[in-house]
Amino acid sequence: MTEALVSLRAALEERDRLLGFAYKLDDLKSEGSLSAADYETGRADYAGRIAAATTRIQTLKSALTKELEASEREGEMCRLKLEGAEAHHRAGQLSDAEYRGEERRWNAQQRDADRRCADLQIALAAESAAELGEIGVEAPAEHLPVTPARVKKARQTESRMTSAAASPTPPRN
């Protein structure tokens, strides 16, 4: 998931929240529990904040459009690589095992690209955070993929904790 998707969700949630406040303001005015001056002041404030959130959403969607285009190109590249592997296999340049490995590799990458494209298309069409479903929801740390950088950081932290536990702390005077 990209940072832009997380940011889009946050911007849509903010706009949804502000729209809810603006509707509540309308209700309070209709009930007569809000003066015309307070209503106009509040409405102008919310209108400006809603416009700013909408501008942010449009900017993020523009960036996501570029990500969608890149993901579509990546999917097409995977299809072409797979076709190339098939041609090399038919020509005898790849063994059955080599071809199956290439096939698994390019099919997996194509599935990932297709999944990203689907998520990005949903995000680009969304007018509220609810329409995103689970897209743009950050996974808790325990569900994040294991990467070499995370492994290195975990080892460094573990090493510091082990060395701190092994060396007694001198008493303070």
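Which residues are buried in α3?

## Basis of the model

This is a predicted model, in which local features need pLDDT of at least 70 and side-chain atom pairs count only at pLDDT 80 or more, while totals for chains, interfaces and linings use all residues. Residues are numbered from 1 along each chain as its sequence is written, and side-chain values use heavy atoms, with hydrogens and water left out.

## Overall make-up

The protein chain has 4 helices and 0 strands, these being DSSP runs (H or I of at least four residues for helices, E of at least two for strands) numbered from the N terminus. Of its 173 residues, 24% count as buried, a term for under 20% relative accessible area, with exposed meaning over 50% and partly exposed in between (1.4 Å probe, protein chains only).

## Helix α3

Helix α3 covers residues 96–125 and reaches 43 Å from its first C-alpha to its last, close to the 44 Å expected at 1.5 Å a residue, where the expected span is 1.5 Å times one less than the number of residues. The buried residues in α3 are Y99, W106, Q110, A113, C117, L120 and A123, and they pack against α1 (3–31) and α2 (36–90).

## An aromatic pair

The structure holds 1 aromatic pair, counted when ring centres of Phe, Tyr or Trp (its six-membered ring) lie within 6.5 Å, with planes under 30 degrees apart called stacked, over 60 edge-to-face and the rest tilted. The rings of F21 and Y46 have centres 5.9 Å apart and planes at 40 degrees, so the pair is tilted. The pair links F21 in helix α1 with Y46 in helix α2, 25 residues apart.

Terms used
Contact = heavy atoms within 4.5 Å.
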